[in-house]
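This report describes the strand pairing and helix packing of one protein model. The sequence and structure are shown first, followed by the computed geometry.

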Amino acid sequence: MNYLSVENIAKSYGERNLFREISFGINEGQKIGFVAKNGTGKTSLLDILAGKDQPDEGQVIYRNDIQVAFLSQEPDLEEELSVEQIIFSSDNPILKIIQRYEKALENPADAEALQKSMDEMEAANAWDFETNYKQILFKLNLEDLDKQVKFLSGGQRKRLALARMLLKKPDFIIMDEPTNHLDLDMIEWLEEYFRKEDFTIFMVTHDRYFLERVCNEIVELEAGALHTYKGNYSYYLQKRDERHQLEQTNTEKAQQLYKKELDWMRRQPKARTTKSKSRIDDFYDIKDRASKRRQEHQVQLEINMERLGSKIVEIHNISKELGGKTLLKSFDYNFKKGERLGIIGKNGTGKSTFLNMLTGTLPPDTGKIIVGETVKFGYYTQKGIEIKTGQKVIEVIREFGDYIPLKKGRQISAEQLLERFLFDRKKQYDFVEKLSGGEKKRLYLCTILIQNPNFLILDEPTNDLDVLTLNVLENFLLDFPGCVVVVSHDRYFMDKIVDHLFVFEGQGAVSDFPGNYSDYREYAAVKPSEEISTTEKKPKENSWRDDSTGTKLSYKEQKEFGKLEKEITQLEKKKDQLQQDFLKELSAEEIKDKSVELQNMQDEIEEKTMRYFELMEKMES
């Protein structure tokens, strides 16, 4: 069944053409990842599909009887509404039924309204959906339902918009960077949710593991043309390389034929026969094919690095509290040369606070941090580049000098440096505020690296960067001789870059794990949770490899899992019986008592069901 047809659409801004004559269709069940370089129109295309913008040419046609939902990078939510009001503002009729039921429970004296709402819940099978509703809110950490949107952080807003979209139960979902602002546990839960649920998806994301595990098709926009790959991200990489090699071979053949035909053209007399005119027409076609060049630009990172001495950064017994929450407690560590550290943990456990203390922008409450004399930090923050009104791209770089030193005593101009970061001469004179989100991040990365740091701190560096830039950044970091500290929710990036992890576990606890993110997940799957969440007893070097045959649930958890299934079944039967009691003639006092009993029972079922899902996910991961 066809959900969407895109017919010959085009979009440009002034003299800048993003794409022309783009056509494709999306059918039921397809989960498509859309891949393109920054600045080539990914977000513009999504806005057109979502109806937020119009194409200059062509049309977008949707099937009439489907529900479509759009998740943008920056959700537009009403500031004065609460989290609960935003969720219930969805046009999903089952959510409306749940809302009426919860209001009826607040006024149990109105027996007629309560009975009516319970009948609605039963008829719509809303009891099961309510469990799903609670699970989504729990997984996305949206438990403060009375909090107004205007008091939410950017990450909380993104999670709220995601929850509203999922609870809408749409047929077709369009998403722009859905994993931004989610912690690793949330990303993995969402990944599994999309794999199991019967959604049709079209999305842009830089998260390559997410593309690999969710998508069954990749569509690439390159040089104004669409290329479709019927497989996941690994399949796309393989087939794209094969296509590039074939194109290169065809170009080389065309060049050889062009030389031959060019010689023939030069030897031809002025009078042309019909046969020769046909060959002349073919010649110009060959000329076009021979002159094709792959625009395979890559960010070239070859910045000079300041010498790093033997004393780098020493952390002595530091502690930190913010807003009554303990983020670090009696923490010690000494950095070594060439260290590559990844930092993971749930949102709010103190990762960014630790980076700010490391760079001296925030003091610890107790203890001290000693920074070596030769250390020069390069701190890439989530906030990104500071945009000045009317400032051009070239002016941003010239603030650091007209010439930038490279390795072996060489230097390049500001213009040449920007070209290495994929800003051509024309682009260099664009205003910074007109750049795409990914282009701004690329420019910001340029401003960090040209200051010749020897200790790089990268806080979510992968957000909004295209896959090509990510690959080059990864290769640069692998060759970087200084220290690297990375906070990222991009699991692929972390796996490739880091040697060990600081795991921020909450309440000031931080453990040092020897390995990358996938190593840690493998270790966590075979070790009891109480063994992992400790700072007193850190895992031994590569200890995660020593017990690869254990079960994913401890003995205690296995017993709990089996017991929960029976308890939930028994509680559901009691709930059904209690609901039947409301059909009898009851006094106002009896209705009130039974309503309270029903609510308590429902809360107990939800609590046990949530725990059941947690253990089941741990068992299946």
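## Strand pairing

K31 stands opposite I201 in β7. Strand β3 (residues 31-35) pairs with strand β7 (residues 200-204) in the parallel sense, over three bridges; two strands pair if DSSP finds at least two bridges between them. Strands (E, at least two residues) and helices (H or I, at least four residues) are DSSP runs, numbered from the N terminus.

The model is predicted: local features need pLDDT of at least 70, side-chain atom pairs count only at pLDDT 80 or more, and totals for chains, interfaces and linings use all residues. Residues are numbered from 1 along each chain as its sequence is written, and side-chain values use heavy atoms, with hydrogens and water left out.

## The sheet

Six strands form an open sheet with mixed pairing, in the order β5-β6-β7-β3-β8-β9. Its edge strands, β5 (68-71) and β9 (225-229), each pair on one side only. On average, neighbouring strands of this sheet are turned by 15° against each other, direction ignored.

## Helix packing

Helix α3 (residues 93-106) packs against helix α4 (residues 111-123) at an angle of about 150°, and their axes are 9 Å apart. Therefore α3 is roughly antiparallel to α4 (an angle over 145 degrees). Axes are lines fitted to C-alpha atoms, for helices over the stretch in contact, and angles run from 0 to 180 degrees between N-to-C directions.

In the contact (heavy atoms within 4.5 Å), I97, I98, R100, Y101, A104 and L105 of α3 meet A113, L114, S117, M118, E120 and M121 of α4. The residues of this contact divide into nine nonpolar, one polar and two charged; Ala, Val, Leu, Ile, Met, Phe, Trp, Tyr, Cys and Pro count as nonpolar, Asp, Glu, Lys and Arg as charged, and the others, Gly among them, as polar.

Terms used. Parallel < 35°, antiparallel > 145°, perpendicular 65-115°, else oblique.
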